[in-house]
Amino acid sequence: MRQFIRAIFCILIIAFCSCDNADRNIYKRNYTDEELRQLEAKVTLIDRLDNITANQYTDTYFQLGDAYYQHKQCDAATVAFEKGLRLDPWNYLYLLKLALLEFSNKGYPKAYRRLTVVADNCMDEKLCGLAKRYMTKREFKDINKAIITLPDMRSYSLYLVSFNKTSAVLTSAVAARLAQDFRIHVEILSDTLIPDRKNQNDPREELFNETIAMSKSSSSRAEYQTMLKQVGLASDRNLTLADKAKIVHYLCGKEKDGEQLWLSIIAIPEQYDAEILLEQLEERYKYLLGNERVLGVLALTSEDIYSTGLNYVFGSARPKLGVVSYARFMDENTPIDIAVKRTVMQAFSTTGFMIEIPRCSTPNCARAFPNSLEEHDRKDDILCDECLENLKVKYREL
Ligand SMILES: [Zn+2]
């Protein structure tokens, strides 16, 4: 009898601890505590992996989310599912699992948007049916009225191309999220454009010039001549970039931690003029841009870009043309899902300008203007109501 009561008590505990009223059929296996710990360790490693190789480990994020879910750690499960979906945004099973978690957490607008993606696109009848069933729940009744749903604009296309080699993970994530959140057709073109070298700016040269000028003004003529001799130069006339580098390297050597300083100078990336990249795009894709069903061509690049008056920009756009750089969104320590989130938010912002909707004034919106990477990270990677409303108006005009 006591055992029976204990068994009933356990069942009740499980029922009350359950963080989700999801259809349990979508959760198939059980994870032991040990397996959960192993998955956590694996994900910590994957977070640090280089962006190309991380893609094949997307499943680990999903498995960890499943394991957290089964161990009733729903907040942690939500985070793991979000990480996995940033790398694999068309995974309908996990879109659904996350939507149901958000639903049970009363995050109705987010849940509803994810369910819409599954209901719109998923070919698996079971998953599609489940999404549609959930969308009729009474909790969504008010949301349905409050939520701004964009019309299906998949007869309009946006093309995605690369300047130089770009990360396949970032490119496919950007394409998927633009398609889902803007409800348009997005096609990745296999072209890899080579930025014209005349567009290039080497910020190091400016720094070299300033350093050499400073050295000249702060030393006597004789000292300056001796320094030039030391680096094997007769005069400072017609200096090449390599000559300037030699002088600055020598001057760094005179400073405390000079080698470190030199290494940080040469690590400054070369940059491309964003405006000229847009002109290159326009020239190359004239044949597409004339089509009224083409919303534009967006280029992604791993190169650093700048614009007149600005040392660097994350992206630049004009009607139907845009470029997004992820050069400043990742280094060897950036978890790949963070790099994806940053790039997706910038792509949302740039695409908005390409389609000609106004700049956003909602601080948390993916399209809000960030003054720093820190501010960029504080935003949510979804479009706010103001942007959705503006898009809706724009779509009506098309
Ligand atoms: Zn917005």
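In the predicted model, leucine 300 stands opposite valine 324 of strand S9. The two strands concerned, S5 and S9, pair in the parallel sense over 5 bridges. On the S8 side, the pairing of S9 is antiparallel and runs over 4 bridges. Strand S8 covers residues 315-318. Here leucine 321 of S9 is the bridge partner of arginine 318. The hairpin of S8 and S9 has 2 residues between the strands. Within this hairpin, lysine 320 takes a positive phi near 70°.

S9 is largely enclosed by the rest of the structure, because 5 of its 5 residues are buried. Side chains in a regular strand alternate between the two faces of the sheet. In S9, Leu321, Val323 and Ser325 point one way. Gly322 and Val324 point the other way. Both sets are buried.

S9 belongs to an open sheet of 5 strands, in the order S2-S1-S5-S9-S8. The pairing in this sheet is mixed. S2 and S8 stand at the edges. Each has a single partner strand, so one side of each is left without a neighbour in the sheet. Neighbouring strands are turned by 20° against each other on average, direction ignored. Serine 157 stands opposite histidine 185 in S2. Helix H14 packs on the sheet and touches S1, S2, S5, S8 and S9. The direction of H14 makes about 130° with that of S9.

Beyond its neighbours within four places in sequence, leucine 178 is in contact with Leu158, Ile184, Val186, Ala347 and Thr351.

Alanine 347 lies in helix H16. It counts as buried because 31 C-beta neighbours fall inside 10 Å, against a cut-off of 20 or more. Not counting residues up to four places away in sequence, alanine 347 touches Val174, Leu178, Leu298 and Val324. Phenylalanine 314 is 33 residues from alanine 347 in sequence. The C-alpha atoms of this pair are 9.4 Å apart in space.

Threonine 334 is placed in the loop between S9 and H16. With 16 C-beta neighbours inside 10 Å, threonine 334 counts as partly exposed. Threonine 334 and glycine 290 are 44 residues apart in sequence. Their C-alpha atoms lie 39 Å apart in space.

Helix H4 spans residues 74-87 and has 14 residues. From its first C-alpha to its last, H4 reaches 20 Å, close to the 20 Å expected at 1.5 Å a residue. The buried residues of H4 are Ala77, Thr78, Ala80, Phe81, Lys83, Gly84, Leu85, Arg86 and Leu87. An α-helix has 3.6 residues a turn, so residues three or four places apart point the same way. The buried residues of H4 pack against helix H3 (58-70), helix H5 (92-104), H9 and H16.

At the level of the whole protein, the domain assignment gives domain 1 (2-146), domain 2 (153-199 + 271-397) and domain 3 (204-264). The C-alpha centres of domain 2 and domain 3 lie 40 Å apart. The secondary structure comes to 18 helices and 9 strands. Along its principal axes, the C-alpha trace spans about 100 × 60 × 35 Å. Of the 398 residues, 35% count as buried. Among contacts between residues at least 6 apart in sequence, 66% join residues at least 24 apart.

Key
Residues numbered from 1 in each chain as written. Predicted model: local features only at pLDDT ≥ 70, side-chain atom pairs only at ≥ 80, totals over all residues. Contact = placed C-beta atoms within 7 Å. Buried ≥ 20, exposed ≤ 12 C-beta atoms within 10 Å, placed from the backbone. Domains from an automatic or database assignment. Pairing = 2+ DSSP bridges. Axes fitted to C-alpha atoms, helices over the stretch in contact; angles between N-to-C directions. Expected span 1.5 Å × (residues − 1).
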